[in-house]
Amino acid sequence: MHRLLQLTLAALSLLSASAADWPRFRGPNGDGSTAETGLPLKWDAGDIAWKTELPGPGSSSPIIVGGVMYLTCYSGYGSDVKEPGDMTRLRRHALCLNRADGSILWNKEIQADGPDQAYTGEYITMHGYASSTPVSDGVNVYFFFGPAGVHAYTLRGQELWQANVGEKAHKWGNGASPLLYKNLLIVNAALEGDNLVALDKTNGKVIWSVRGGLPASWNTPAIATIGGRDELIVNSSGKLHAFDPATGQELWTCRALRGAELCPSVTVHEGVAYVIGLPGAGGAMAVRAGGSGDVSDTHVLWELKIGSNVSSPVYHEGHLYWANDSRGIFHCVRAETGEEVFATPLSRERRNRVFASPILSEGRFYYVSRDQGTFVVAARPEFELLAQSPPLDSSVVNATPAVADGQFYLRSDRFVYCIGKRR
């Protein structure tokens, strides 16, 4: 009996939340920063604590809750460019892995009720069948699979509820990740149902919904707090929106960047929203939050023509940093004025594509490229490449990494890796 109790307590410890959790897209603060220390500066295949082959591809980031990891992938269709297969066999997977050794603890297969969008060519390994990162409150875990719906599970894999937030499918799939706010699960389903929706996290019932007005919105919403008021900020083509996250009431709007896909998340610091998008047609801008109505003439602080279409920006010590998705150009601008400080290639490769958003730890940025490895850059307004780690194999990396307990978690279109000392 005593031994059974010990095993039960050990299992509960494995799944319990801890201060080292990475419970959502871009970490605890949703901005890519972490208080974690001791992350490896450089690595190669010999520094992999474990490597697990996944049931299929995906671009979602892993999240960490206590002793386990959650992430998504898809299978049954699209693993071969020349012969993608039968779309009726497409399945999404909600996965739970043991952080100690990478073993898969549970695997939930999900099939969409309606039709999905077929794809060909380079859409393979970049499609959004499984690009949305799950989120956890330390008790349950929530997955968003676009037209296949929102699915909630206990940490041990017991299904709690599922909800349909839109059935439209896009050739690029979906990219926005869900966000927890108090008792609400907020989902940007602009692509699936032209819909921004807040669900009761306990049962999946709709608490509020905003329909229409979010064209090309692929980004995960951000929360800004200014003057004691919380604002839910969502970017869309031509307009930046702020809503009351508790009720869905629109608080203010502002003219904004235009683009066919606005993927980068808005970064918020001390009441200022920093927005980037496709260079040229989009660019970058800073907007002061806390307004009312149309604030286009009063709250825009600066605008630039440089930007990025995928990777999100990071604010650090008075500067805004980001990497261009198509050429790997690393940008630094002054956050107060938008003055460009530098724009330097991460490497000499002419097409070094960066889709992942960075991790900021101990004064350095970790940028994972699609196929050129990981670049570590000093987080200061003077470019310095501190280290470059080679690709771990021939698979492609589109996902933002996660960190916990001094370990670096990276997922590709084939594998998930734990880099660092074994726990």
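K51 is partly exposed, with a relative accessible area of 41%. The model is predicted. The exercises below start from this residue.

**Exercise 1. Find the salt-bridge partner of K51 and say which parts of the chain the pair ties together.**

Step 1. Look for the partner. K51 forms a salt bridge with D393. Their closest N and O atoms are 3.1 Å apart.

Step 2. K51 sits in strand β1 (residues 48-53), and D393 in the loop between β30 (385-389) and β31 (402-404), so the bridge ties together parts 342 residues apart in sequence.

Step 3. Check the accessibility of D393. Its relative accessible area is 23%, which makes D393 partly exposed.

**Exercise 2. Which residue forms a salt bridge with E53, and is E53 buried or exposed?**

Step 1. The partner is R414, with the closest N and O atoms 3.7 Å apart.

Step 2. E53 lies in strand β1 and R414 in the loop between β32 (407-411) and β33 (415-419), so this pair links parts 361 residues apart in sequence.

Step 3. E53 has a relative accessible area of 51%. The cut-off for exposed is over 50%, so E53 is exposed. R414, at 38%, counts as partly exposed.

**Exercise 3. State how many salt bridges the structure holds, and describe the one between E384 and R380.**

Step 1. The structure holds 8 salt bridges.

Step 2. In the E384 and R380 pair, the closest N and O atoms are 2.0 Å apart.

Step 3. E384 is partly exposed at 32% relative accessibility. R380 is partly exposed too, at 37%.

**Exercise 4. Work out the strand order of the open sheet of 4 strands and name its edges.**

Step 1. The order is β2-β3-β4-β5, with antiparallel pairing.

Step 2. β2 (63-65) and β5 (104-110) are the edge strands. Each has a single partner strand, so one side of each lacks a neighbour in the sheet.

Step 3. From one strand to the next, the twist averages 25 degrees.

Step 4. Turn to β3 (residues 68-75) and β4 (residues 91-98). They pair in the antiparallel sense over 8 bridges. T72 stands opposite A94 in β4.

**Exercise 5. Describe the largest cavity and the second largest cavity.**

Step 1. There are 3 cavities of 30 Å³ or more.

Step 2. The largest has a volume of about 120 Å³. It is lined by 16 residues, and G373, P391, L392, V397 and L410 are the closest to its centre. The lining has 8 nonpolar, 5 polar and 3 charged residues.

Step 3. The second largest cavity holds about 70 Å³ of space. Of its 14 lining residues, P147, A169, H170, G173 and N174 lie nearest its centre. By class, the lining has 4 nonpolar, 6 polar and 4 charged residues.

Key
Residues are numbered from 1 along each chain as its sequence is written. This is a predicted model: local features need pLDDT of at least 70, side-chain atom pairs count only at pLDDT 80 or more; totals for chains, interfaces and linings use all residues. Side-chain values use heavy atoms; hydrogens and water are left out. Two strands pair if DSSP finds at least two bridges between them. Helices (H or I, at least four residues) and strands (E, at least two) are DSSP runs, numbered from the N terminus. Axes are lines fitted to C-alpha atoms, for helices over the stretch in contact, and angles run from 0 to 180 degrees between N-to-C directions. On a 1 Å grid over the protein atoms alone, a cavity is a set of points where a 1.4 Å probe fits but cannot get out, and a pocket is an open set with protein on both sides within 12 Å along at least five of seven lines; lining residues have an atom within 4 Å of a point. Grid points are joined across faces, edges and corners, and a volume is the space filled by probe spheres set on the points. Ala, Val, Leu, Ile, Met, Phe, Trp, Tyr, Cys and Pro count as nonpolar, Asp, Glu, Lys and Arg as charged, and the others, Gly among them, as polar. A salt bridge is a side-chain nitrogen of Lys or Arg within 4 Å of a carboxyl oxygen of Asp or Glu. Buried means under 20% relative accessible area, exposed over 50%, partly exposed in between (1.4 Å probe, protein chains only).
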